[in-house]
Amino acid sequence: MSPQSFFQPAVRSEYFKHLKDEGRYSVTTLTIISGWLEKLERFAGNRKLAELKAKDLERWRKELAWKAGPSGRMLSENTQNQAVLAVRGFYRWLVANGFVPTDPAEGLKVRRLPKKAKTSFTVAERRAILGFSDRETAVGIRDRAVLGLLLETGISKPACSSLDLSDLALDIGALMAKGRSGGLRTISDGLSADLERYLRESRPVLVGPGETALFVNAKGQRLSQASVQGLWRRALQSLTPSSP
């Protein structure tokens, strides 16, 4: 199949089969991804999507910011980020499978969202929770990353445990969470730094052969839901002053 015809139904079906086989996306998420690709196709007009250049996709990205959506309202930053991640994922797959030679969506970035308080913790309490772990040990570095992720994104403990390496894209500051608290999340530079240190210094020391989990325990296996909950509970208990 030539690159000029890669968006034919057969190729699109192959892409969504790939996504379904990964088992990481709900039916709702797949529908959202499909919708954004259809919108990009309408933006392209008479041109094949393989003909779009980086400057074209940047113009499409800008239009997301100032054109009203179907409801007549401006698209939220989170919705715009979902669109960007859907298009980036599609082009990456196209490049990996030889449908296009280069990735024109590579330069598209998700925008950092203003932090929203996920809990009633004060600034001092959040700092204390993040400082609970010993950042000089492999387990402590991991715990800092886990606690930071729970604080910033608000995902559930089961969702945190189920994260795989493939769910994290540090280059664009994005995370795909699973379960009821699932969906695309953007992450701050601070959390990205903690996760990057964990991946560089801690996980290689801890991980067992063939393990795909993002967070692993001292035995090299996936960090369990109970372990995540236990870490969170101990961090919260550290906020309570000891009785004399």
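**Reading the aromatic cluster and its surroundings**

A: Tyrosine 15 is buried, its relative accessible area being 4%, where buried means under 20%, exposed over 50% and partly exposed in between, with a 1.4 Å probe and protein chains only. The model is a predicted one, in which local features need pLDDT of at least 70 and side-chain atom pairs count only at pLDDT 80 or more, while totals for chains, interfaces and linings use all residues. Residues are numbered from 1 along each chain as its sequence is written, and side-chain values use heavy atoms, with hydrogens and water left out.

Q: How are the rings of tyrosine 15 and tryptophan 93 placed, and why is the pair called tilted?

A: Rings of Phe, Tyr and Trp (its six-membered ring) pair if their centres lie within 6.5 Å; planes under 30 degrees apart count as stacked, over 60 as edge-to-face and the rest as tilted. Here the centres of tyrosine 15 and tryptophan 93 are 5.1 Å apart and the planes stand at 55°, so the pair is tilted. The pair links distant parts of the chain, with tyrosine 15 in helix α1 (residues 9–22) and tryptophan 93 in helix α4, 78 residues apart; helices (H or I, at least four residues) and strands (E, at least two) are DSSP runs numbered from the N terminus. Tryptophan 93 is buried as well, at 8% relative accessible area.

Q: Which residues do ring pairs link into a cluster?

A: The cluster consists of Tyr15, Phe16, Phe90, Tyr91, Trp93 and Phe99, and the structure holds 7 aromatic pairs. One of them joins tyrosine 15 to phenylalanine 16 edge-to-face, at 5.4 Å centre to centre and 70° between the planes.

Q: Is arginine 88 buried or exposed, and what does its side chain reach?

A: Arginine 88, which lies in helix α4 (residues 77–96), is buried, with a relative accessible area of 4%. Its side chain reaches the backbone oxygen of glutamate 106 at 2.7 Å. Leaving aside residues up to four places away in sequence, arginine 88 touches Ala105, Glu106, Gly107, Leu108, Asp171 and Ile172, a contact being heavy atoms within 4.5 Å.

Q: Where does α8 bend?

A: Helix α8 (residues 189–206) bends by about 45° at leucine 199, the bend being the angle between axes fitted to the seven residues ending there and the seven starting there. Its buried residues, including Leu191, Arg197 and Tyr198, pack against α6 (138–153) and β1 (168–169).

Definitions and conventions:
Polar contact = N/O pair within 3.5 Å; in protein donor to acceptor, adjacent residues only side chain to side chain. Expected span 1.5 Å × (residues − 1).
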